[in-house]
Amino acid sequence: MKSILIIGLGRFGQHLCRKMAELKNEVMVVDTKAEVVEAMMPLVTNAQIGDCTNVEVLKSMGVRNFDLCFVCIGTNFQSSLEITSLLKEQGAKYVVSKATRDIQAKFLLRNGADEVIYPDRDIAEKVAVRFSANHVFDYIEINDEYSIFEIPVAAEWAGRTIRDVNFRAKYKVSIMGVKKGEDTRFLPMADHIFEEKEHLMVIGRIEDVERLLRKFEHEKGKRNH
């Protein structure tokens with residue numbers, strides 16, 4: 001459990017607040033709008049209406065006591081920049097600020113942000129990858145080189161074990177989990193028998209997974225002829 005301060009309750013800030021509370025963290029939220037603060041009050045440890053560009057408001061919160069401070073202001077970059085800087089001046093341990101463009105990220109990092117996130121861009125990239133490929137059910141980017149993909153079981157694997165298929169050596173990707181309906185079995189043993197209705201959570205170099213995905217396109221092409 002961590003102590004979390006979330007400044008700015010737009011759509012992203014509210015979603016972050018709900019998830020952080022769901023994960024049993026101690027969450028404090030701050031926004032200038034009373035109605036959004038009141039809406040979050042049942043979920044959080046503390047809530048405050050205030051303008052965090054005012055250093056006295058930040059001082060009253062004791063920001064150095066939080067494990068993480070999130071600056072989630074999306075419509076006023078100047079305010080986001082000021083608050084990020086003030087948080088570090090007041091001794092905040094770790095500040096994560098939201099950006100929509102690279103130029104914003106550069107200024108935020110120069111003014112004290114320990115990390116910058118691009119929620120809109122990250123979601124757009126995930127959606128683009130998922131819906132561009134016919135055989136990807138979900139996708140999580142780890143870095144520029146590696147990702148996690150949720151893919152189907154190829155027809156030729158059904159009824160065979162992971163060992164029989166020689167999966168890791170043949171495809172150069174690893175199976176993290178096997179998903180069937182709502183159930184996921186993580187780190188399956190080599191004697192796991194593939195079933196056609198299963199989905200596989202695989203991790204590997206993006207180029208290797210894409211090579212594997214082309215196998216499904218090839219199979220689809222053969223069936224159509």
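Helices here are DSSP runs of H or I with at least four residues, strands are runs of E with at least two, and both are numbered from the N terminus. The model is predicted, so local features need pLDDT of at least 70 and side-chain atom pairs count only at pLDDT 80 or more, while totals for chains, interfaces and linings use all residues. Residues are numbered from 1 along each chain as its sequence is written, and side-chain values use heavy atoms, with hydrogens and water left out.

**View 1. Two loop residues with positive phi.** N166 sits in the loop between α7 (162–165) and α8 (167–171). Its phi is positive, about 60°, although N166 is not a glycine. N166 is partly exposed, at 44% relative accessibility; on this scale buried means under 20% relative accessible area, exposed means over 50%, and partly exposed is in between (1.4 Å probe, protein chains only). Move on to the loop between α8 and β9 (174–180) and you find K172. K172 isn't a glycine either, yet its phi is positive too, near 65°. With a relative accessible area of 48%, K172 also counts as partly exposed.

**View 2. Helices α4 and α5 side by side.** Helix α4 (residues 77–89) packs on α5 at an angle of about 25°, and the axes are 9 Å apart. Those axes are lines fitted to C-alpha atoms, for helices over the stretch in contact, with angles from 0 to 180 degrees between N-to-C directions. The crossing of α4 and α5 is right-handed, as the near helix is turned clockwise from the far one by less than a right angle. Who meets whom? From α4 come F77, S80, L81 and T84, and from α5 come Q104, F107 and L108; contact means heavy atoms within 4.5 Å.

**View 3. Q104, a buried glutamine in α5.** Q104 belongs to helix α5 (residues 102–110) and is buried, at 10% relative accessibility. Its side chain reaches the backbone nitrogen of T100 at 2.8 Å. If you skip residues up to four places away in sequence, Q104 touches F77 and A99.

View 4. Leaving aside neighbours within four places in sequence, S97 has V71, T84, L108, A113, E115, V116 and I117 in contact.

**View 5. F70 in strand β4.** F70 is part of strand β4 (residues 68–71) and is buried, with a relative accessible area of 9%. Not counting residues up to four places away in sequence, F70 touches I4, L5, I6, I7, L16, M20 and V96. Between F70 and L108 there are 12 Å in space, C-alpha to C-alpha, and the two are 38 residues apart in sequence.

**View 6. Cysteines without a partner.** There are zero disulfides in the structure, a disulfide being a pair of cysteine sulfur atoms within 2.5 Å. For C17, which is in no disulfide, the nearest cysteine sulfur is that of C72, 9.8 Å away. C17 is buried, with a relative accessible area of 0%. C52 is in no disulfide either; its nearest cysteine sulfur belongs to C69 and is 9.7 Å away. C52 is buried as well, at 2% relative accessibility.

Technical notes: Polar contact = N/O pair within 3.5 Å; in protein donor to acceptor, adjacent residues only side chain to side chain.
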